[in-house]
Amino acid sequence: MSRNTIAEKLLLLKLRTTEDPEAFTKLYDIYAKRIYSFVFFKVSNREEAEDITSEVFLKAWRYINEKKKIESFSGLLYRLARNCVIDLYRSRASHKEAFSIDAGIGIGIEIGDAGKWKENLGEELVNKLEMQKIVQALQKMKQEYREVVTLRYVDELEVSEIAEITGKGHIAIRVTLHRGLKKLKEILAQQ
Amino acid sequence: MSRELIRQLKSLKHAEIKPSEKWLKNNRALLLSQIKNTVIPKENAKFNFETVWQAMSIFLPYSFVRNVVRPVVVVFLIIGMGISSWVVAASASSESLPGEWLYPAKRAAEATQVTVADVVGDTDGSTRLHVEFAKRRAEETRDIVSQNDPDKIQIASQTISDLKDEMQTVNNKLEKIKTAQGASAVMAQNINQNAQEIKDVLKEVKVNLLTNSDTTTGASDLSAQVSEVKNLAKDTAVKAVEIMVEKHLQGDTSVSKDDVKQAINDQLQSAVKDANDSKQSVTEVNKVMGVVKTEVNELAHDAKGTDLVSSTRALSDKIDATSKQTQDAVSSTQQFNTTAGKTASEGQVLLSQDNLTQAVDKIKEANAATTLSEKITDDTLKAVQNVLPVVAIAAEGPVVSSTVIFVTTTSSSSLSIILNVSTTVKIATSTPAMVIFSTTSLTSTKK
């Protein structure tokens, strides 16, 4: 079984059938750190990451209460987080705070990692040349590839979860992953 | 290269920025308080199928549960409900009788069984079912006739007609068994046994029709119908034995020689028994008629000089005629009984000599004698039944108040009724003490 262990699924089932807040906080304990770092990589701001993480869990609670279908709880959390990040970028864009938008994309919304990889990796990792190279290569990739590759290999989500988060089909995700890895190799080779 | 690249990407995970433990804890508490405010206390949770699908999705992918498991389960539930309701209806209807509301379900179930057997090409199964259903029709007829339903004659008549159809189907199946190369004698043996049972049940039906005084209207027609089907069953049994013999001679060992001989012997004895029963019935009826004749003659004598003289005379003449008929019947049935007995003995001798084919011919001969004997018995009983109620009516007149004809029966057999008529009449006439309190009517009471 994937990351969604049976224990997590049982918790979700308990939550859906009994609407037990305690079960929800147990799920919070499992996912809060992951969602926080996922958001932080995209917004590069501790306060904003904390706010979005809180918002994500509140929205997830409402989602469960509304008895909407959930194929994967982690998928739901990442999707909500992604949407919250998009909302944040939109509000930043409307305030002309362009610091978080990749200049190269130009169409407005960038949900990549805001070029903060290097700063956030910590001293010991920065010292590692290969890590630096990977981060740089990722930064050079198209946002579409970067998002899927990081979700799959850094956040270690299943393809089905990534499909749920991005709203794409499984095959499309696999194709994007394949192309993304190929592109990453090319960039690394060029470096 | 790819594997190495993936490993490097995964190592980036270790560089994740973690939230502060304090914030995590505070946020947890805040979240709990916020969501607790939104929880509405629920009443006892009702069963919801959605929970089942969700529980299943713990072990299977949700999309698989939703797109495959759920439709399959729903289809199974529908089929299951259909089958269970059908089984309940069919089992409840299995005891139903014609005229009851569940009876059509029983017949529909039977028709389905036969159709399924025919479709899958199970010839033996289909034959077995027809034999079984024929037996059911016979038992249904017996049960209907013993009821007090005013429409029972009509219903029984329809059932007998259905039984006739079934017997004809069984006969056709027998023909096929006879001609088919691979067909085994076991099925013929099964048909023989069941046909004998059907014959015995129909014999009971005839007795019931005779003993039930309330079924005079149409009863004689039904009785004739029953006789016809009974003879058909008898013929079927003989035919089945004939096929058993044929198959045996062709080298079929599925039924042992002893079983074939036993079947022939049973049929011979059955023919003798039937002929003997007929003879006894007629003999007893004749005895009764003798007593009744004497009684009525006395009535006629007593009625001289009264206004009842002409009616009693007419009755007396009628009784005389019927009495003559019964006397003739006694000699005929005696003759047939002797013939049947003799033929059966010859058959048994042939059987001991292992001459099976000729022994079967003897069954046919004995049966022919028995059938004729039974026909005479039926006609005689019908004639007697026609005059006996007249005796009852005439006996109700004031003039004959001193004469008692009290009929009673303690058994369900028509033979016993007739016998009891005879003995009771004798007692009534020979013991004057009974005359004082007895009513002047001829009744037959079935206990």
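1. How many helices and how many strands does the secondary structure of chain A come to? In this predicted model, chain A comes to 10 helices and 0 strands, and its elements, taken from the N terminus on, run α-α-α-α-α-α-α-α-α-α. Of the 191 residues of chain A, 42% count as buried, and among its contacts between residues at least 6 apart in sequence, 58% join residues at least 24 apart.

2. Chain B has 14 helices and 0 strands, so that, by the definition of these elements as DSSP runs numbered from the N terminus, the pattern read along its sequence is α-α-α-α-α-α-α-α-α-α-α-α-α-α. Buried residues make up 36% of the 447 residues in chain B, while residues 24 or more positions apart account for 74% of the contacts in chain B that have a separation of 6 or more.

3. On the interface between the two chains, 36 residues of chain A are in contact with 33 residues of chain B. The elements of chain A that each supply at least two residues to the side touching chain B are α1 (6-18), α2 (21-43), α3, α7 (129-140), α8 (143-154) and α10 (170-190). Of these elements, α2(A) gives the most to that side, with 9 residues. Divided by class, the residues on the side of chain A that touches chain B are 21 nonpolar, 7 polar and 8 charged.

4. One helix pair across the two chains can be described in detail, namely helix α3 (residues 46-65) of chain A and helix α2 (residues 21-38) of chain B, whose axes come within 11 Å and cross at roughly 30°. Because angles under 35 degrees count as roughly parallel, that crossing makes α3(A) roughly parallel to α2(B). The crossing in which α3(A) passes α2(B) is right-handed. On the side of α3(A), the contact is made by A:E50, A:S54, A:F57, A:L58, A:W61 and A:N65, and on the side of α2(B) by B:W23, B:N27, B:L31, B:Q34, B:I35 and B:T38. By class, this contact has 6 nonpolar, 5 polar and 1 charged residues.

5. Within chain A, the axes of α1(A) and α2(A) come within 9 Å and cross at roughly 145°, and the crossing of these two helices is left-handed. From α1(A), the residues A:E8, A:L11, A:L12, A:K14 and A:L15 meet A:A23, A:F24, A:K26, A:L27 and A:I30 in α2(A). The class make-up of this contact is 7 nonpolar, no polar and 3 charged residues.

6. The largest nonpolar core has 75 residues, and those with the most contacts inside it are B:A188, B:A240, B:V241, B:M244, B:I264 and B:I363. Two or more residues of this core come from each of α6 (123-145), α7, α8, α9 (219-249), α10 (257-302), α11 and α12 of chain B, and the largest share, 15 residues, comes from α10(B). For B:I363, once its neighbours within four places in sequence are left aside, the residues in contact with it are B:V238, B:V241, B:I264, B:Q267, B:L268, B:A271 and B:G347. Apart from this core lies another, of 55 residues, which includes A:Y28, A:V43, A:I64 and B:I35.

7. Is B:A183 buried or exposed? With 21 other C-beta atoms within 10 Å, B:A183 is buried, because a residue counts as buried if 20 or more such atoms lie within that distance. B:A183 and B:T123 are 60 residues apart in sequence and 9.5 Å apart in space, C-alpha to C-alpha.

8. Most residues other than glycine have a negative phi. Against that background, A:E156 has a positive phi near 55° and is found in the loop between α8 and α9 (159-166) of chain A, where, with 14 C-beta neighbours inside 10 Å, A:E156 counts as partly exposed. In chain B, the phi of B:D354 is also positive, near 65°, and B:D354 is found in the loop between α11 (309-352) and α12 (356-395). B:D354 is exposed, with 9 other C-beta atoms within 10 Å.

Technical notes
Residues numbered from 1 in each chain as written. Chains lettered and ligands numbered in written order. Predicted model: local features only at pLDDT ≥ 70, side-chain atom pairs only at ≥ 80, totals over all residues. Axes fitted to C-alpha atoms, helices over the stretch in contact; angles between N-to-C directions. Helix = DSSP H or I, 4+ residues; strand = E, 2+ residues; numbered from the N terminus. Parallel < 35°, antiparallel > 145°, perpendicular 65-115°, else oblique. Left-handed = near helix turned anticlockwise from the far one by under 90°. Contact = placed C-beta atoms within 7 Å. Nonpolar A, V, L, I, M, F, W, Y, C, P; charged D, E, K, R; others polar. Buried ≥ 20, exposed ≤ 12 C-beta atoms within 10 Å, placed from the backbone. Core = buried A, V, L, I, M, F, W, Y, C linked by C-beta atoms within 7 Å.
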